[in-house]
Amino acid sequence: MDLLDSKKHFGFIGLGLIGGSVARCIRQELPKARISAYNYYETKKHPRLEMALSDGVLTDITTDITAVRDWDVIFLCTPVRTNVAYLKKLKPYLQKDCILTDVGSVKGEIYDAVHREGLDHCFIGGHPMAGTEHIGYEYSFASLLKDCYYILTPTDQVPEESIRWMQEFVQNVTRSRCVTIDVTEHDEATAGISHAPHIISAALVNAVRARDDKGMYQLLAAGGFRDITRISSSSPEMWTSICLANKDAILDFLHEYRGLLDTMEHAVEEGNETEINHFFATAKEYRDKLFPSELSTEK
Ligand SMILES: NC(=O)C1=CN([C@@H]2O[C@H](COP(=O)(O)OP(=O)(O)OC[C@H]3O[C@@H](n4cnc5c(N)ncnc54)[C@H](O)[C@@H]3O)[C@@H](O)[C@H]2O)C=CC1
Ligand SMILES: O=C(O)C(=O)Cc1ccc(O)cc1
């Protein structure tokens with residue numbers, strides 16, 4: 001039997017942009033799969049989950065958390081700290097061989113909780129490095145994760161077979177590129193390339209907003225401002241949760257970043273042409289290597 005076929009019932013806690021996109025991949029690649037979602041409203045219908053049911057992505061919705069005892073693979077797809085809070089609630093009902101995974105942007109805090117709850121044997125941290133600034137199931141689509149890196153952070157406490165299942169899932173169901181890295185390395189790197197950039201982008205928007213009493217900045221804002229601030233339209237709840245959960249790595253990176261701003265401020269103040277040019281040149285050299293396809297003149 002194909003390894004992927006060994007898991008037939010998938011369950012989602014949180015079905016927004018990322019959870020919705022993963023669920024759509026499952027429906028597309030494993031059409032016979034049962035896909036359930038938990039409605040945390042409990043006493044009323046959840047309109048977005050109802051939408052996923054009528055799309056044919058979900059098979060059923062439950063308001064009963066004990067239903068997770070039937071789920072072979074559980075995806076935690078709520079804001080990072082909410083995912084952490086679910087571990088305690090799920091623990092009594094998890095089946096022996098289930099895989100518990102998440103899609104959260106921070107890994108250290110959830111691993112600490114997994115360890116506290118004694119769930120090391122079933123938890124495999126996951127993080128698709130793809131997304132958009134949009135919020136909610138209605139913006140999800142199956143190809144969102146295609147060809148992006150999907151990070152897994154398994155520990156040696158998880159059975160080899162569960163790790164292989166997750167790797168196959170990432171490659172053949174989400175069509176992402178699977179990379180395995182260490183939790184601390186994950187949180188340090190994502191603080192630099194994802195978490196701090198969201199803070200910096202929002203700081204820029206807030207700085208302009210504070211000066212724009214006549215609406216002139218808004219009128220003149222062009223492509224560059226739009227590029228660097230797109231991510232400021234992301235979910236405030238999600239990014240608040242990320243900043244609280246990855247505090248140390250974010251503070252560390254912001255400290256270094258502030259040092260670079262100070263250097264540039266000083267160079268501009270002094271009219272130091274060499275220093276200013278060097279600042280832009282080193283950034284251009286690295287950035288051009290990061291995304292070479294964007295330099296192509298063939299569009
Ligand atoms: N947006 C992005 O680009 C990316 C986000 N992530 C991670 O994915 C996770 C989900 O983010 P998105 O899908 O973007 O957010 P989203 O806002 O689109 O979806 C979050 C979902 O969680 C549900 N939810 C909120 N509180 C809940 C609770 N107490 N119980 C159950 N469900 C609850 C909401 O109803 C919503 O369906 C986060 O942990 C985030 O760090 C990872 C990669 C990219
Ligand atoms: O909108 C964008 O480009 C993003 O920044 C997407 C994103 C957001 C959070 C993550 O943890 C990973 C990717």
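A salt bridge is counted when a side-chain nitrogen of Lys or Arg lies within 4 Å of a carboxyl oxygen of Asp or Glu. The model in these views is predicted, so local features need pLDDT of at least 70 and side-chain atom pairs count only at pLDDT 80 or more, while totals for chains, interfaces and linings use all residues. Residues are numbered from 1 along each chain as its sequence is written, chains are lettered from A and ligands numbered from 1 in the order in which they are written, and side-chain values use heavy atoms, with hydrogens and water left out.

**Figure 1. Overview of the protein.** The protein has 11 helices and 9 strands (DSSP runs numbered from the N terminus: helices are H or I, at least four residues; strands are E, at least two). Along the principal axes, its C-alpha atoms fill a box of roughly 65 × 45 × 40 Å. Of the 299 residues, 43% are buried (buried is under 20% relative accessible area, exposed over 50%, partly exposed in between, with a 1.4 Å probe and protein chains only). The structure holds 14 salt bridges.

**Figure 2. The shell around ligand 1.** The shell has 26 residues, and those that come nearest are Leu-17, Thr-78, Tyr-86, Ser-105 and Gly-136 (a residue is near a molecule or strand if one of its heavy atoms lies within 4 Å of it). At least two shell residues each are supplied by α1 (17-29), α3 (80-90), β7 (126-128) and α9 (236-245). Helix α3 gives the largest share, 4 residues. By class, 14 shell residues are nonpolar, 12 are polar and none is charged (Ala, Val, Leu, Ile, Met, Phe, Trp, Tyr, Cys and Pro count as nonpolar, Asp, Glu, Lys and Arg as charged, and the others, Gly among them, as polar).

**Figure 3. Backbone contacts to oxygen atoms of ligand 1.** A backbone N or O atom of Leu-15 is 3.5 Å from an oxygen atom of ligand 1. For Gly-16, a polar backbone atom is 3.4 Å from an oxygen atom of the ligand. For Thr-78, the distance from a backbone N or O atom to a ligand 1 oxygen is 2.7 Å. On its own, ligand 1 has 830 Å² of accessible area, and the protein covers 84% of it (Shrake-Rupley method with a 1.4 Å probe; for residues, only the protein chains shown count as cover).

**Figure 4. The site of ligand 2.** Residues around ligand 2 include Ala-130, Gly-131, Thr-132, Ser-194, His-198, Ile-231, Met-238 and Trp-239. Side chains of three further residues approach ligand oxygen atoms. A polar side-chain atom of Ser-105 lies 2.7 Å from an oxygen atom of ligand 2. An N or O atom in the side chain of His-127 is 2.6 Å from a ligand 2 oxygen, and a polar side-chain atom of Arg-230 is 2.8 Å from one. Taken alone, ligand 2 exposes 340 Å², of which the protein buries 82%. Helices α6 (183-211) and α9 are the elements that give two or more residues to this shell. The shell is made up of 4 nonpolar, 6 polar and 2 charged residues.

**Figure 5. The salt bridge between Glu-133 and Arg-230.** The closest N and O atoms of Glu-133 and Arg-230 are 2.6 Å apart. This pair links distant parts of the chain, 97 residues apart: Glu-133 is in the loop between β7 and β8 (149-152), and Arg-230 is in the loop between α8 (223-229) and α9. Glu-133 is buried, with 16% relative accessible area, whereas Arg-230 is partly exposed at 41%. Both residues are also among those around ligand 2.

**Figure 6. The salt bridge between Lys-88 and Glu-117.** In this pair the closest N and O atoms are 3.3 Å apart. Lys-88 lies in helix α3 and Glu-117 in helix α4 (residues 108-117), so the bridge ties together parts that are 29 residues apart in sequence. Lys-88 is exposed at 58% relative accessible area, whereas Glu-117 is buried at 14%.

**Figure 7. The salt bridge between Asp-102 and Lys-107.** The closest N and O atoms of this pair are 3.1 Å apart. Asp-102 counts as buried at 1% relative accessibility, and Lys-107 is buried with a relative accessible area of 1%.

**Figure 8. A nonpolar surface patch at Met-216.** Met-216, Tyr-217, Leu-219 and Leu-220 make a nonpolar patch of about 450 Å² (patches are made of residues with over 30% relative accessible area and no salt bridge: like charges are joined within 9 Å, nonpolar side chains (Val, Leu, Ile, Met, Phe, Trp, Tyr) within 5 Å). Met-216 is in helix α7 (residues 216-220). Met-216 is partly exposed, with a relative accessible area of 46%.

Notes:
Polar contact = N/O pair within 3.5 Å; in protein donor to acceptor, adjacent residues only side chain to side chain.
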